[in-house]
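Welcome! Have a look at the structure first, and then try each task before reading on.

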Amino acid sequence: MILDELENSEHMDFEALQEKRSDELTELLDRRDMKQLQRRMEEMNEFDVAEFLTQIEDNRMPMVFRLLSKETAADVFANFEAPEQERIINSITDSELAGIIEELYVDDAVDMMEEMPANVVKRVMRAATPGTRSLINQYLRYPENSAGSIMTSEFVDLKKYMNVRESIARIRRIGEDKETIYVCFVISADRKLEGIVTVKDLLLNDDDTIIEDLMDRNVIFASTTEDQESVSEKFSDYDLMALPVVDTEGRLVGIVTVDDIIDVMEQETTEDFEIMAGILPSDKPYSRTGPAEMWKNRIPWLMFLMLSATFTSMILTSFEQMLAVQAGLVAFIPMLMGTGGNSGAQASTAVIRSLSIGDTEPKDALRVIWKEWRVALLCGLSLALVNFGKMLLVDSWLLHNANVTVLVAATVSLSIVFIVMFAKVVGAMLPLMAEKIGVDPAVMANPLISTVTDAVSLLIYIYIAKLILNI
């Protein structure tokens, strides 16, 4: 087949391979060659199968999903978004649903429950076994966005008195249903976390070596109530593949794996982008968010920014007569305000990023402000010099604008220097202040900084004009 030839090609393009595979599956479905379709899907990665199923018609999707084996169906189901999961649940029997729930990792099952409507949740809970139902309820009681809410209970635990041979035998016996076997956790009789050991450690040591002699006692761990963003920082700082989660008494209750943290990082980054753009964070992706919900997320900041612009209007009104004397000054107000907003946004973005990766802390405020002041001075002088030449060459000489004199050009250019300096310092200070008082630094980003710098930029411009032009 064409797909087989493409897969055997040494220089195949991955996107082309994916497209060819999808076309072949669609062709098999159209021909109703279900046996071959099932074989091809079982050979594929579960994410790719989920992508294919979301692209076919709604009435055929449950039928094709039923072709999958129980184990593959659970893996594919975990890769669906909430609408597709709900569609599958509504189209299968209780026994089929129970099979999927039992095959799902607990953290995936909990994620699903948090997205489903109440009537679907009730059906899922009825279909689950008492043990699974109890475990899901336990996880749902943890605070939202905490380590407990994203952890899984499927991990390999060992005892320190076991030897390498016994440990490997245990991994072989129970490892198939665990989310990861590469990192094993050593616990005491009362489930207190004592250390960790990797499969690499086991493979590279003699069979009779005792786990207590191999395990690393310096364990990085999280508590069940710890914020997921803090958990993601530990993964980044310590290059972890799995992080143990303990309760208030130090007992191991679950682990967070790297695939869950990737989702957390995506969620946190999306949230920061939304806040920085003046949008209230949403749990849903753009494609699944309706216009009404988008309106509710966006209108608060837009309303605040519109009303806050009143201060700028009041300043312009107060100096209306002065500006009338030098009408040429008015034309440069948008440029100055835009430069101030852009300068502040640059500084705030850099500081917010530095805070998020742990490179900067609020105690570094003086160092950050001193650095941004020097950057602002260099940027301001560069912009002022170019602007001065541009105003004299283009506005005055080429365009013959009589309002643009050397003093006017000097006024605008000097204003640029002070506006950039103010904006960059404020852009650096506000996120640090937010972090200090426990507020998300992203809140102090572009919209708020632009509002502050717009008003202050106008005041700086007007008072420099009064000083230089004597108006």
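**Exercise 1.** Find the polar partner of the Asn387 side chain, and describe the surroundings of Asn387.

*Solution.* Start with the side chains: that of Asn387 makes a polar contact with that of Ser413, at 3.2 Å. A polar contact here is a pair of N or O atoms within 3.5 Å; within protein, one must be able to donate a hydrogen and the other to accept it, and residues adjacent in sequence count only if both atoms are side-chain atoms. Keep in mind that this is a predicted model, where local features need pLDDT of at least 70 and side-chain atom pairs count only at pLDDT 80 or more, while totals for chains, interfaces and linings use all residues. Residues are numbered from 1 along each chain as its sequence is written, and side-chain values use heavy atoms, leaving out hydrogens and water.

Helices (H or I, at least four residues) and strands (E, at least two) are DSSP runs, numbered from the N terminus. Asn387 has 7% relative accessibility and therefore counts as buried (buried means under 20% relative accessible area, exposed over 50%, partly exposed in between, with a 1.4 Å probe and protein chains only). Finally, list its contacts (heavy atoms within 4.5 Å): setting aside residues up to four places away in sequence, Asn387 touches Met335, Ala409, Val412, Ser413 and Ile416.

**Exercise 2.** Describe how α21 and α23 pack.

*Solution.* Two packed helices are described by the angle between their axes and the distance between the axes. For helix α21 (residues 333-356) and helix α23 (residues 406-436), the axes come within 7 Å and cross at roughly 30 degrees. So α21 is roughly parallel to α23. Axes are lines fitted to C-alpha atoms, for helices over the stretch in contact, and angles run from 0 to 180 degrees between N-to-C directions. Angles under 35 degrees count as roughly parallel, over 145 as roughly antiparallel, 65 to 115 as roughly perpendicular and the rest as oblique.

Now look at the residues that meet: those of α21 include Met335, Gly340 and Leu355, and those of α23 include Val412, Gly427 and Glu435. The residues of this contact divide into 14 nonpolar, eight polar and two charged. In this count Ala, Val, Leu, Ile, Met, Phe, Trp, Tyr, Cys and Pro are nonpolar, Asp, Glu, Lys and Arg are charged, and the others, Gly among them, are polar.

**Exercise 3.** Is Leu104 buried or exposed, and which residues does Leu104 contact?

*Solution.* First, locate Leu104 in the loop between α8 and α9. Its relative accessibility is 6%, so Leu104 is buried. Then look for contacts beyond four places in sequence: these are Ala74, Phe77, Ala78, Ala109 and Glu154. Among the buried residues of helix α6 (residues 70-78) are Ala74 and Phe77.

**Exercise 4.** What is the phi of Arg191, and what is the phi of His400?

*Solution.* As background, most residues other than glycine have a negative phi. Arg191 has a positive phi near 70 degrees, and His400 has a positive phi of about 55 degrees. Arg191 sits in the loop between β2 (183-187) and β3 (193-198), and is partly exposed at 35% relative accessibility. His400 is in the loop between α22 and α23, and is exposed with a relative accessible area of 65%.
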